Amino acid sequence: MDSRLISREMRGLKTAWLENGSANAPILLFLHGFPDNPQIWNFQAEYFESRFHVIRPYTRGLFPFEGNPEFNRYSLDSLSLDCLEILREVDPSGQRPVYCVGHDLGAALAWNLAPFLGNRLSGMVIINGLSVPQMFRRFGNMRQQLKSFYIYLMQLPWLPEILIKSIPKTMLQMAYDRGELPQELRPKTAVSAQGLSRMLNQYRAFSREIPKLMRRAPEKVRAPVLVIWGCRDAFLAAPTLDELEPFAASITLRILDANHWVFREMPDEVNRILENFLPVSEHSYEKFA
Amino acid sequence: MSDSHLFDHVALAAQVKRQRKYAWDLDKGVQWSLGVDTTLPFLPLDSQSIACPGASQEQRLALSQLVGLIINSTISEMESVITKLRRVAWAEPLREFSVNPEMWELGDLFFIEENKHALAFNRFNQLFCQTEGIDPEQLDRLLPKAFGSLFLKAVIANAKSGGHAFWWIVAAVEEVSLSLFQDIHRVRDSIDPLYYEVHKKHMEEEKRHHNYAFLMLELIERRSFSLKRLLHRKTDLLFGQLFSSGWVLGELNKIFLAESMTNDHPFFQVIASCLPLMRQLTIPELMSRLFVSAPYVSLVLNTKNHRLTSRMAITHRAFNFPFPDPNITPLAPPEPTERPLKKKYG
C-alpha cells in the first residue's frame with residue numbers, strides 16, 4: 001500500500017494527512033483517536049483504497065512540523081474546520097460524497113463534523129467512541145466514570161505533560177496495555193512525546209466545551225450512522241439504542257467481541273461490516289453525480 | 001475471545017436465515033386432516049401410570065391422553081406468556097443492553113414461532129374435543145391456565161423491576177420440550193399420529209431457536225453491573241423455580257375437578273375413576289413421585305433435569321433450589337396391538 005503524506009498550510013498551521021486511492025472516488029475520511037496516529041487505520045486504508053479516496057488526517061497537535069497551535073485550535077469546532085479545509089483541498093468542487101469513520105476522540109470529532117458536512121455526508125461510522133454530549137450524559141454512570149478516570153487526570157495542568165515527557169514510551173505502553181491492544185497491532189511509528197502531550201489538549205478543550213454543547217439542541221445526523229463497538233472496551237461502556245437515538249435519524253449498532261481497537265483486533269470483520277454499510281449509503285451519491 | 005455466539009453476528013445471521021428457511025406454516029405445515037385418533041394414547045406412561053398405581057388399560061389410555069393434553073396446554077400457556085412479556089422482558093432489556101441487529105431479528109422470530117406453537121397445541125386440544133364431543137370449556141377446567149395466575153403476575157413484576165426470571169423459565173421450558181420429544185419419538189408408531197406430528201413440528205423449531213433464551217441470559221449476565229442487577233442475577237432463577245413449580249402443582253390439582261364432571265362426558269368419568277388410585281398415595285409419596293420419578297411432571301418441576309439451565313446457573317452463580325436427584329421411572333411403550341376396551345368414550 002502506497003500512502004501519500006500531504007501537508008498544507010491551513011488556517012495558519014501546517015495540516016497533514018495520509019492519502020490513498022483515486023482522487024475521483026467517494027471520500028472515506030478516517031479520524032483517529034488518542035494516542036494513535038493515522039497509521040492505526042492501515043488495515044482499512046489498504047482494503048478500501050481501490051474504491052474510495054481514503055483520507056486519514058493527523059489530529060491537531062500530532063504532526064511534528066505543524067507549528068505551535070493555540071489552545072482553541074483543539075476545540076471540536078476548530079478540529080472540524082481543519083477537516084473541512086482538508087476536504088476542500090482534496091475535493092475543491094465539494095461534490096463528492098463523504099463517508100466519515102471516527103474512533104475514540106476521532107468519533108467525538110466525527111459527531112461534531114457531521115452537521116458541517118450536511119447532505120454531503122453520506123454515511124458515518126463510529127467505532128468505540130462517544131460524542132461529547134453523550135459522555136456528559138454518562139456523568140451519573142459510575143461504571144463509566146471508573147473506566148474513564150484518566151480523563152479527569154488529564155484535566156490537571158502540567159502533571160500529565162511532565163509524566164508524558166519523562167516516560168513517553170511507558171505512558172503510551174500503559175494506554176495500549178490497558179486497552180489490551182497486542183504489541184503487533186500497535187502503530188509501527190509511535191507518537192512522539194510532544195505529539196502525545198499536545199493531544200492531551202483535546203481532552204481539556206472537549207471538556208470545556210460541555211456547557212456550550214449542552215446548551216445547543218442536539219442536531220440529529222441525517223445520514224445513516226453505523227456504530228461498531230468492541231464490547232471488551234476498557235475505557236468506554238457500550239452505548240444503547242436509547243442513548244444513541246437522539247443523535248441520529250437512522251442508526252445501526254453492531255457489537256463485536258473485541259477490545260477498544262476493534263478495527264485493529266478484527267480488521268477483516270470490521271472491513272466486511274464497513275463494506276456492507278457503505279454501498280447502502282452510497283445511494284446518496286446519486287444526488288451529487 | 002469467548003466461545004459464545006452472543007456477539008458473533010455471522011453465526012446469528014446464519015441462524016436467522018435457517019429459521020426463516022425452515023419455518024413451517026400453522027395451517028399447511030401440520031397435517032390437521034389426520035384428525036385425532038382417540039383410540040390411541042398420546043404419550044407413553046410409566047409402569048406406575050404416573051401417580052396412579054394399578055390403573056386399568058382404559059384408565060391408562062385416558063390418563064395418557066389427559067397428560068398429553070395437559071402438556072400441550074402447559075407448553076401453550078407458557079408460550080403465550082412469552083409473547084405477553086415481549087415488551088417488558090425482551091424489547092426493553094435489548095434497548096438497554098447493546099446487541100447486534102440479528103439479536104433483534106432472532107427475537108422477533110422467536111416470538112412469532114412461540115405464538116405459532118401455542119396456537120398449534122391449542123388447535124390439537126380443540127380437535128380432540130371435537131372428535132370426542134367434549135365441550136372445550138369443560139376440558140379447559142382441567143388444563144393449566146397461566147393468565148390471571150399469581151405466577152404470571154409474579155413474573156411480570158419481576159421483569160418490570162429489571163429481573164429476568166422469565167428467561168430462566170423460558171430456558172427451562174425449551175429444554176423440557178426437547179426432552180419430552182425424545183420420549184414421544186421413541187414410541188411414535190404407537191401413539192396418535194397427529195399428536196406426534198404437532199410435537200415433531202414444535203421440536204424442529206425449538207431445536208433451531210432454543211439457544212435464544214440462553215443468549216438472553218448470557219447478555220443479562222454480562223451486563224449486570226449494578227447492585228440491583230447483581231441481586232436479580234443471584235435470585236431470579238430461584239424466584240422462577242418457586243413460582244413456576246407452585247403454578248404447575250396448583251394447575252395439576254385441577255384434575256380433581258373431574259370428579260364433579262363425571263356426568264358431562266365419559267372421558268371425565270374415566271379420569272375421575274383414576275383419582276381414588278391417586279389418593280392411595282400419601283402426600284410425601286405423591287410429592288416424591290411428582291418431583292423425582294413421575295415422567296413429564298418431574299421433568300418440568302425438577303430443574304436438575306434441565307442440564308443446560310443448571311450449567312448456566314453455575315456460570316451466573318445463581319441460587320438454585322436444592323431439588324432431589326431425579327430418578328424418572330422408565331416409560332413403558334404402549335403395545336402396538338393394545339386397544340382400549342371401548343373404541344370411543346361413550
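Which residues in helix 2 of chain B meet which residues in helix 7 of chain B? Let's start there, keeping in mind that this is a predicted model.

## Two helices in chain B

From helix 2 of chain B come B:Ile71, B:Ile75, B:Met78 and B:Ile82, and they meet B:Val170, B:Val173, B:Ser177 and B:Leu180 in helix 7 of chain B. Sorted by class, this contact has seven nonpolar residues, one polar residue and no charged residues.

Now for the geometry. Helix 2 of chain B covers residues 57-84 and helix 7 of chain B covers residues 165-186; their axes come within 11 Å and cross at roughly 150°. Since angles over 145 degrees count as roughly antiparallel, that is how helix 2 of chain B sits relative to helix 7 of chain B. The crossing of helix 2 of chain B with helix 7 of chain B is left-handed.

## The sheet of chain A

Over in chain A, you will find an open sheet of eight strands with mixed pairing, in the order 1-2-4-3-5-6-7-8. Strand 1 (4-10) and strand 8 of chain A stand at the edges; each has a single partner strand, so one side of each is left without a neighbour in the sheet. From one strand to the next, the twist averages 20°.

Helix 2 of chain A (residues 76-90) lies across strand 1, strand 2 (13-20), strand 3 (27-31), strand 4 (53-57) and strand 5 of chain A. Its direction is at about 145° to strand 4 of chain A.

Helix 3 of chain A (residues 105-117) lies across strand 3, strand 5 and strand 6 of chain A, and runs at about 155° to strand 5 of chain A.

## Where the chains touch

Finally, how many residues does each chain bring to the contact? Chain A gives 14 residues and chain B gives twelve residues. On the side of chain A that touches chain B, helix 11 (241-244) and strand 8 (251-256) of chain A each supply at least two residues. Strand 8 of chain A gives the most to this side, with five residues, and strand 8 of chain A is also one of the edge strands of the sheet.

By class, the side of chain A that touches chain B has eight nonpolar, two polar and four charged residues.

Terms used:
Residues numbered from 1 in each chain as written. Chains lettered and ligands numbered in written order. Predicted model: local features only at pLDDT ≥ 70, side-chain atom pairs only at ≥ 80, totals over all residues. Contact = placed C-beta atoms within 7 Å. Helix = DSSP H or I, 4+ residues; strand = E, 2+ residues; numbered from the N terminus. Nonpolar A, V, L, I, M, F, W, Y, C, P; charged D, E, K, R; others polar. Pairing = 2+ DSSP bridges. Axes fitted to C-alpha atoms, helices over the stretch in contact; angles between N-to-C directions. Parallel < 35°, antiparallel > 145°, perpendicular 65-115°, else oblique. Left-handed = near helix turned anticlockwise from the far one by under 90°.
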